[in-house]
Structure formats: C-alpha cells, structure tokens
Amino acid sequence: KDAGSLTAATKATYLAWNSIHLQYKVPWPLEIILSPPVMEKYNRLFCFLFLVLRIQSALHSLAKGLGVLSRMVDMFGAYEDPSRGQQMRRSLTTVVFLRQRMAHFVDNLAFYVQVDVLEAQYTELSRR
C-alpha cells in the first residue's frame, strides 16, 4: 500500500515510521569492510526487519482485541439471537485462524532475519 491511498493521520504515521533508518559512522579500519554500499544494504535489511517487527506487534495486539470480540459474540448469541450468534462465531473463528497463521509466518520470518541472517553474518564478521 502506498502513502497516497491513506488518510491524513494515517499517512503522517506511515511516513514517520518509514523515515526511520539505521545510521552509523564507521570508524577506520572497519570502513574498509563496511563501505557505504554495504551499510546501505544493512540499512535496507534493518528497515525490513523493523517493518516485520511492527507487523508482528500489530498481529499480537489484534489477538487481544479478538478475545474481547469473541466474548461479545458469545454474549450476543446467548442473549439476543442464537442462530446469528453461531454465524458470527464461525466468521470470527475464521478470522482468528487467519490471524494465527499470519502471526506464525511473521514470527518465523522475524526469527529467521534476526538469527539466521543477522546473527550468522555477525558471527562470520567477528571471526575475521
């Protein structure tokens, strides 16, 4: 989604989050290894990781809201309209399972980037 299709408040938030970048003044002799093009690649990787972690946080926060919604659906089904409550419960169950699958994927992606990519590269660099 691009910033052009968002509301003004959401657009400001979108632009603020996407303006965060990794900056580091590399001291000599590390600047031989960590040249500006290499640092730009690390910056892009950290920006991607930051985005993944923001999505991870949003998905975990959504779980709390779905729990509250689940209790409201149960109350609606018990007191108002049992058949409509069952229909709402089925729809909510689908949403909960989708959120769980998305959270599982994003959790594993975040773990992969942090451990298998960044940590492995750091270990390799520190051996040199």
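This is a short tour of the model, stop by stop, from the whole chain down to single residues.

Before you start, note that the model is predicted: local features need pLDDT of at least 70, side-chain atom pairs count only at pLDDT 80 or more, and totals for chains, interfaces and linings use all residues. Residues are numbered from 1 along each chain as its sequence is written, and side-chain values use heavy atoms, with hydrogens and water left out.

**Stop 1: the whole chain**

Show the protein chain as a cartoon. You will find 4 helices and 0 strands, in the order α-α-α-α from the N terminus. Helices here are DSSP runs of H or I with at least four residues, strands are runs of E with at least two, and both are numbered from the N terminus.

Now zoom out. Along the principal axes, the C-alpha atoms fill a box of roughly 70 × 35 × 20 Å. The radius of gyration is 22 Å, while a compact globule of 128 residues would have one near 14 Å. That radius is taken over C-alpha atoms, and the globule rule is 2.2 Å times the number of residues to the power 0.38.

Switch to a surface view. The chain exposes about 9900 Å², with carbon and sulfur atoms supplying 63% of this area; accessible areas come from the Shrake-Rupley method with a 1.4 Å probe, and for residues only the protein chains shown count as cover. Of the 128 residues, 17% count as buried. Buried means under 20% relative accessible area, exposed over 50%, and partly exposed in between (1.4 Å probe, protein chains only).

**Stop 2: the nonpolar core**

Select Val52, Leu59, Ala103, Val106 and Ala110, the 5 residues of the largest nonpolar core. Helices α3 and α4 (82-127) are the elements that give two or more residues to this core, and α4 supplies the largest share, with 3 residues. Such a core is a set of buried Ala, Val, Leu, Ile, Met, Phe, Trp, Tyr and Cys residues joined through side-chain atoms within 4.5 Å.

**Stop 3: along helix α3**

Next, pick Leu49 in helix α3. Is Leu49 buried or exposed? Leu49 counts as buried because its relative accessibility is 7%. Leaving out residues up to four places away in sequence, Leu49 touches Ala110, Val113, Gln114 and Leu118, where contact means heavy atoms within 4.5 Å. Draw a C-alpha to C-alpha distance from Leu49 to Val113: they are 7.0 Å apart in space and 64 residues apart in sequence.

Leu51 also lies in α3, but counts as partly exposed because its relative accessibility is 35%.

Ser70 is buried, with a relative accessible area of 17%, and touches Arg89 and Leu92, not counting residues up to four places away in sequence.

**Stop 4: a patch on the surface**

Finally, select Trp28, Leu30, Ile32, Ile33 and Leu125, which form a nonpolar surface patch with about 520 Å² of accessible area together. Patches are made of residues with over 30% relative accessible area and no salt bridge, with like charges joined within 9 Å and nonpolar side chains (Val, Leu, Ile, Met, Phe, Trp, Tyr) within 5 Å. A salt bridge is a side-chain nitrogen of Lys or Arg within 4 Å of a carboxyl oxygen of Asp or Glu. Helix α2 (residues 30-33) gives the most to this patch, with 3 residues.
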